[in-house]
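Hi,

Here is the structure I said I would pass on. Have a look at it first, and then read my notes below.

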Amino acid sequence: MTEARLMQGNEACAEGAIAAGVSFFGGYPITPSTEIAEGMAKMLPAIGGKFVQMEDEIASMGVVLGASLAGKKALTASSGPGISLKQELIGYAACAEIPVVIVNVQRVGPSTGQPTAPSQGDVMQARWGTHGDHPMIALSPWSVREAYDAAVMAVNYSERFRTPVILLMDEIIGHLREKVVLPEAKDIKIYPRRKPACSRAEGYQPYTPDKDLVPNVANFGEGYHIHVTGLIHDETGFPVGSPKITEEAIDRLHQKIEIARDEITHTEEYFMDDAEYAVIAFGGTARTAYEAVKNARAKGQKVGMVRLMTIWPFADKIVKALAAKVKGILVAELNYGQLVHEVERAVAGKCDVQLCAKYNMEIFEPQEIESGIDKLCAGGKD
Amino acid sequence: MERSYEKYFRQNRLPHLWCPGCGNGIAMKAIVQAIEKKGLSQDNTVIVSGIGCSSRASGYMDFDTLHTAHGRAIPFATGIKLANPELNVIVITGDGDCTAIGGNHFIHGCRRNIDLTVVLFNNNIYGMTGGQASPMTPLGKKATTAPYGSIDRTFDAARLAEAAGATYVARSTAYHVQHLTDMIVQGLDNQGFSFIEAMVQCPTAYGRKNKMGSAADMMKDMQESAVMKAAWDKLAADKKEHKFPIGVLYKEDGLDYATAYEAVIETAGGKNK
């Protein structure tokens, strides 16, 4: 065990990324994520890594993709307005299969919104925020320690699946300070950069999928003379204007994540053993929801909580199973209602689904979620 | 005739998609001849391009090659160079790619003096999309989006690069092919941000719209309009109309970004990898 430290969520995120092997950061200042860039600017050169402050959010995304292609594990961090700009190259990373982690410490939007009050309004942006069909992995921690663990996990998933991973923080966790005990370095599992299985002479093609459908793309400078493009390409990496290749390429991008879906969908249950109702929450809001559920239990209400740590891919199976077990589900989220649509889709009418939404710059009070629970237990009546 | 430069091309990716008479092939060949003259290793050299006619060049060249998004070649190249300073990183871009959508990245690449050799294929037009006006379409010239002649003032990308901090700035043309190769060689020699504007003819989208004749006619125009830097400096102002200088336009010593970062690592107590 390491010594206990008082740490901020953003700091934990930066340290977790470094623990997972990140040695390159490119970014642009934006509250409430700036502490991640500041931490990286200080820590990375001390371990021989590199930090660069770019001219804008688009360039920040480009520079980390370049560094990743040259063999470095790379991270960038921003908040909603910046993520909107990064979307172009998030799609590039998905198409060209470049490992990268993008941290979004969410704040109130749309546009400049309410800088820099807490929000969870970028749930759907995280899933769909770039043009075209693409898969997405997004993780949302609910504590400072979990911000560290989620950063490690995000880097590992980006390398394993060669895909962009969004670490969907919120201002609550980003700026929260709490006591943490970090894991020892030896206890942290690191997924190394994938390596080509054969040489050029043996017919190496950079985008030939391995058994897990993920290609072993060589790093630049290793003598493979690979071509990387954001055009739809075949196994050679070169663009092909063929309907068949296009369909296969888009299928594989989705399937490489889909076949590992159960393994990467992390959720936790609290007070669910005899629960007749459930609250679904994630990130900073899950802390308030936990308190609310505890208070509801004290009042004798048979309610539990399911916390989603993996936001994307969505926990369809878990929510479907939950719907078969409980009479009603309350989705608590700090937005106008986003994740609730996914819950409704997975529930498919099998139980009642209600929304507890808040979007006024302030975090939830436990009483607000408790009122939602009361209403849920009353079958939707006040 | 020896064609030793052919080894730098992916023969199975040729012929290229450029129109008959296009100058891009000449500029691309000048780049590989400069690489050959410098003796750069194909394993250790990365070609990065943006989007547009110019940027299709990367796919034909037998190196590690990266065809990025529109305007973004310089940020990607910056990441590659910083992540592995041992690599020679060459950027191929166009007038629209570099000075419009990529304009901010261009000036900040110059400002950082990151060790890249950036070759801008200037065909004065957006060719890939069929002939729209770019920031380097000359005043009065026609384009599909400037059917009555362009009223947008023109960027001088070389002067822009100089003002923004590039440590080597040169210009040449597809007509002056040996000279163009030499300008690129000197750019590769410079350890810092090197910018070479290669004027190329686009007979299909630009020339036809402006009744500039055949590709050969457009190259003849380049021959007549281009003036070597030394002669240009002595040329009377009234003789400069419709002419432009070629050669090394600007050069200075300056610490490149990756080398400067080595000192940051030392100050922070880290080890340079």
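**What I found**

Let me start inside one sheet: A:Ala281 has A:Arg307 in β13(A) as its bridge partner. Keep in mind throughout that this is a predicted model.

In chain A, 5 strands make up an open sheet with mixed pairing, and their order is β11-β13-β12-β15-β16. Its edges are β11 (267–270) and β16 (352–357) of chain A, each of which pairs on one side only. From one strand to the next, the twist averages 20°. As a reminder, strands of a sheet pair through backbone hydrogen bonds, and they can do so parallel or antiparallel.

**Another strand to look at**

Next, go to strand β2 (residues 22–27) of chain A. Is it buried or exposed? Buried: 6 of its 6 residues fall in that class, so the strand is largely enclosed by the rest of the structure. The cut-off behind this is a relative accessible area under 20%.

β2(A) has parallel partners that you can pick out in the viewer:

- Strand β4 (residues 73–78) of chain A runs parallel to β2(A), with 3 bridges joining them. Here A:Phe24 sits opposite A:Ala74 of β4(A).
- Strand β3 (residues 50–53) of chain A also pairs with β2(A) in the parallel sense, over 4 bridges. In this pairing, A:Gly27 has A:Gln53 in β3(A) as its bridge partner.

How does the chain get from β2(A) to β3(A), and what is the handedness of that crossover? It passes through helix α2 (residues 34–46) of chain A, which makes a β-α-β crossover that is right-handed.

**Chain A overall**

Chain A has 13 helices and 16 strands. Its radius of gyration is 21 Å, close to the 21 Å that the globule rule gives for 382 residues, so chain A is as compact as a globular protein of that length. Along the principal axes, its C-alpha trace spans about 70 × 45 × 40 Å. Of the 382 residues in chain A, 60% are buried. If you take the contacts in chain A between residues at least 6 apart in sequence, 76% of them join residues at least 24 apart. Its accessible surface is about 14400 Å², with 52% belonging to carbon and sulfur atoms.

**Chain B overall**

For chain B the secondary structure comes to 11 helices and 8 strands. How does its radius of gyration fit a compact globule of 273 residues? Such a globule would have a value near 19 Å, and the 18 Å of chain B agrees with that. The C-alpha atoms of chain B fill a box of roughly 60 × 45 × 35 Å along the principal axes. Buried residues account for 57% of the 273 in chain B. Among chain B contacts between residues at least 6 apart in sequence, 68% join residues at least 24 apart. Chain B exposes about 11400 Å², and carbon and sulfur atoms supply 52% of that area.

Cheers

Technical notes. Residues numbered from 1 in each chain as written. Chains lettered and ligands numbered in written order. Predicted model: local features only at pLDDT ≥ 70, side-chain atom pairs only at ≥ 80, totals over all residues. Heavy atoms only, no water. Buried < 20%, exposed > 50% of the residue type's maximum accessible area, 1.4 Å probe, protein only. Helix = DSSP H or I, 4+ residues; strand = E, 2+ residues; numbered from the N terminus. Pairing = 2+ DSSP bridges. Right-handed = clockwise from strand over helix to strand, strands pointing away. Rg over C-alpha atoms; globule rule 2.2 N^0.38 Å. Contact = heavy atoms within 4.5 Å. Areas by Shrake-Rupley, 256 points an atom, 1.4 Å probe, with all protein chains shown as cover. Axes fitted to C-alpha atoms, helices over the stretch in contact; angles between N-to-C directions.
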